[in-house]
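Visitor: Could you take me on a close look at a single part of this model, the side where one chain meets its partner? I would like to see how that part is built and what holds there.

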Amino acid sequence: MDIAEVKKPRSNAISIRNLTFRYKDQKEGYAIENINLDIENGQFVVIMGPSGAGKSTLANCLNGLIPNFVRGKYQGEVWVNGKKAKEQTVSKMAKDIGLVFQDFESQLFSTNTKLEIAFGPENFMVPRDEIHKRINKVLKIVNLEGYEERQPSTLSGGQKQRLAIGSVLASQPKIICMDEPTTDLDPIGKLGIFKIAKELHEDKELNLIIIEHETEEALEADRLIIMDNGHIIKDGKPEQVLREIELMDSIGIMALQVPKYFKRISSIVAEALPLIPEEGFERFTAMKLALDKKKYEEILQSELERENKYGDIIIEVKDLEHTYPNGKKALEGACLKIREGEFLAILGHNGSGKTTLVKHLNGLLMPTTGNVYVGGKDTKNTTIFEIGKEVGFVFQNPDHQIFADTVYEEVAFSPKIRGCSSEEIDRRVKEALKAVDLEGYEKEDPFSLSKGERQRVAVASILSARPRVIMLDEPTTGLDFKEQKRMMELIKKLNEEGNTIIIITHTMWVVSEYAHKVAVVKDGEMVMYGNTREIFGREEELLDTFLKVPHIVSLSNKLGKTILSVEEMVACTKGVKQ
Amino acid sequence: MDMFLYLDKDTFLHRLDPRTKLLVVLATFIVALMFDTLQVLLVLTAIILTYGYMGKVLSNLKRIRVILLMIAFFSIVLWSFAKGGDTRLLGLITLEGIIYGFIIGIKFNVMIISGMIFLSSTKIEEISLGLVKLRVPYRGAFAFSTAIRLVPMIVGTSYTITQAQKSRGLDLDSGTFIQKFKKYVPLLIPTLISIIRGTNVFAMALESKGFGYDDSRTNYLEIGFDWTDYLVIVLTVAITAFSIFAKLNHLF
């Protein structure tokens, strides 16, 4: 009789009442607890929060994957378009709500794009003519016209995710929920997804729910929900929520840089904080602020000193060209001179050739023409085993690397196969675990750790070989802001201790705050190479390669100087009335 | 790297109904398993290769050439010892053994090649649709085609993992066969874990796209028999029937 008392919330697209869920193998607490949420028809909602906040759990509750597919203790009610999610099979719910997952590799399974899109409507017994019409319509929406016959595996990451969205759109659900659709994508891929989201939102009938890490993109939404520890802790208009800098900082979501900066230097009330660089620029001039030339010179000076302290050239790349066995030219005329102690970031879209480039630096690939010298030796004349002593490579996905039962074994692997004595192994493991802040984890099973921790185990297992150069492929992907920050601080520390660092990344704030130098690869060519500050000053040029500088850099560029972080900006600001 | 076997081309072979192509595979298996005569097997191989050549899919054989050669090699080595016979060449090795090993090698290879031609010229959706038309329940047909689909995913994952371990100093290239084998064992764990994680998302994505919404479903692809199908079917049945007849009457 309890249902009769609550009015059946049929009018809303989504109504959630007192929803609590605990996974079957979860020992304590709840993944989400006592969630109450109503989403009206046509709303565009963004959900943000740190890892483990319960965002994906909530998304999976919407179409009944929880509790019908993923089991656990489930309480409360979820109504979607007047249907009770728990009582329907997932495939029945799929007609009303479509779910897009982060992992685009695993959600595509057809031989070509057309059939991928047809799969949903086929299940719902849509007539063939109608399916044909829908395919054409969807291809247009997700901007994949002309790719009808392509195998999904041959598409780029962004295209794959767009196809995944299209395959869900084809069933014409009223609600579309995307669970971190852009996390694994490069900047162009991200842009494509946000563009689609914006266009979909123009359809007033459609509900869009996106779980996202990118604060800068949340501004487009009608409503922003912040989750932490299984609870909804904030719910409101994005412009309001995003001005609550302290809240963002405290739960570990990246705050927008412009309001953060103004909050630091002035006592403007939250409601009046500027949000984006353009607004920031206006406010900056209105407040009669100025940039302190002397302070700026000091920063430049300290950077120059840092550069003078670099050691000898440790890696040199000369006119490197690489053609894959299938005849595809991946890299052309790349030149790099990396000196000991440098911190280099390599940027570029997926398939631009940046991974091909770094694989040459540790001997995984050999140049087709040109040369790569590591520690003075030509990689053509040495083995990967030899180069491995100098250059360690942390792969993007720690799960591709980890195989041992304990953290100790994992980290001990490298020194062991290099024939170190057991005392030496012990010492190195200790040292490596200390460096990544995982002391006391020796006996843990690596697979029971969180993604951020597994990432650190992977780094430790490279450190234990004591390479002079450490390369990391997207070390921050899939981590939340707090974990990203922690990872980058760790890398920075390693750099300050004398290691040369090379990272591949899509995360622009990471580059601007940590990297000394930047190389931008586009379509197999190195189009930009230089100091981070100099490169980030060329904002327009970067945009041509689909790279967007962080907001604070953009603001400072408008003011005629290139400033790389909020801290620097605060230090360089003059004219603030105390 | 392109991991899928299917080669998207427009030939008569690609346009054949998947059921017809399945029949050809089945017939190859029957004939190959029935005969131990070198001449018959060579003729069969020639027919199958022509069939594949006309479909322009033989380039895929390059990808499995190592497997094909290994089978032939091991078969010859094994049988040259084990078969016995009158013409002793060296120790236990006999000429009859070598010839028999060669025959067995061809027998298995022609079956693999025939299967490969089928997979190279038929979309996975066509295979499952063909099976459905043969009264296999859709879920069963889908499971079968998914198994085929998983192979490239596994190959891709293990390739990345091998590279990751090489970068850590695992020397996978030197040593004897046994030593190499031992070195590859640790790689199984990350491979399996990645695949299990992947298939979990795969299953969730399937359900979320309405898989199993109803017992019946629309098929966007259309398959049906054409005059070429009838021609191939008649030829296949005739050859198979003649082979069985010949076998029963000990003609070869």
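Guide: Read from the N terminus, the elements of chain B follow the order α-α-α-α-β-β-α-α-α-α-α, which comes to nine helices and two strands. Please keep in mind that this is a predicted model. The C-alpha trace of chain B spans about 65 × 60 × 30 Å along its principal axes.

Now to the part you asked about. On the chain B side, 50 residues are in contact with 61 residues of chain A. Between them, chain B and chain A bury about 5200 Å², and 59% of that area is on carbon and sulfur atoms. Three residues stand out here: Arg168(B), Lys209(B) and Tyr220(B) supply 20% of the area that chain B buries against chain A, more than any other three residues.

Let us turn to the polar side of the interface. Across it, 28 residue pairs of chain B and chain A are in polar contact, with both residues at pLDDT 80 or more. Which helices carry the side of chain B that touches chain A? Helices α6 (124–133), α7 (138–167) and α8 (177–208) of chain B each supply at least two of its residues. The largest share comes from α8(B), with 16 residues. Sorted by class, this side of chain B has 22 nonpolar, 15 polar and 13 charged residues.

The charged residues bring us to the salt bridges. Side chains of opposite charge can pair when their charged atoms come close. Over all chains the structure holds 43 salt bridges, and the count between chain B and chain A is five. Another links Arg128(A) to Glu222(B), where the closest N and O atoms are 3.0 Å apart. Arg128(A) sits in helix α7 (residues 128–141) of chain A, while Glu222(B) is in the loop between α8 and α9 (227–248) of chain B, so this pair joins two chains.

Before we leave, here are a few local details of each chain. On the surface of chain B, a nonpolar patch is formed by Val66(B), Met70(B), Phe73(B), Phe74(B), Val77(B), Phe81(B) and Leu92(B), which together have about 680 Å² of accessible area. One of its members, Phe73(B), belongs to helix α4 (residues 65–82) of chain B.

In chain A, have a look at the backbone in two places. The peptide bond from Ile66(A) to Pro67(A) is cis, with omega near 5°, and Pro67(A) is part of helix α3 (residues 65–68) of chain A. Asn81(A) is not a glycine, yet it has a positive phi of about 50°; you will find Asn81(A) in the loop between β4 (72–80) and β5 (83–84) of chain A.

Key
Residues are numbered from 1 along each chain as its sequence is written. Chains are lettered from A and ligands numbered from 1 in the order in which they are written. This is a predicted model: local features need pLDDT of at least 70, side-chain atom pairs count only at pLDDT 80 or more; totals for chains, interfaces and linings use all residues. Side-chain values use heavy atoms; hydrogens and water are left out. Contact means heavy atoms within 4.5 Å. Buried area is the accessible area (1.4 Å probe) that two parts lose on being put together, summed over both. A salt bridge is a side-chain nitrogen of Lys or Arg within 4 Å of a carboxyl oxygen of Asp or Glu. A polar contact is a pair of N or O atoms within 3.5 Å; within protein, one must be able to donate a hydrogen and the other to accept it, and residues adjacent in sequence count only if both atoms are side-chain atoms. Helices (H or I, at least four residues) and strands (E, at least two) are DSSP runs, numbered from the N terminus. Ala, Val, Leu, Ile, Met, Phe, Trp, Tyr, Cys and Pro count as nonpolar, Asp, Glu, Lys and Arg as charged, and the others, Gly among them, as polar. Patches are made of residues with over 30% relative accessible area and no salt bridge: like charges are joined within 9 Å, nonpolar side chains (Val, Leu, Ile, Met, Phe, Trp, Tyr) within 5 Å. Accessible areas come from the Shrake-Rupley method with a 1.4 Å probe; for residues, only the protein chains shown count as cover.
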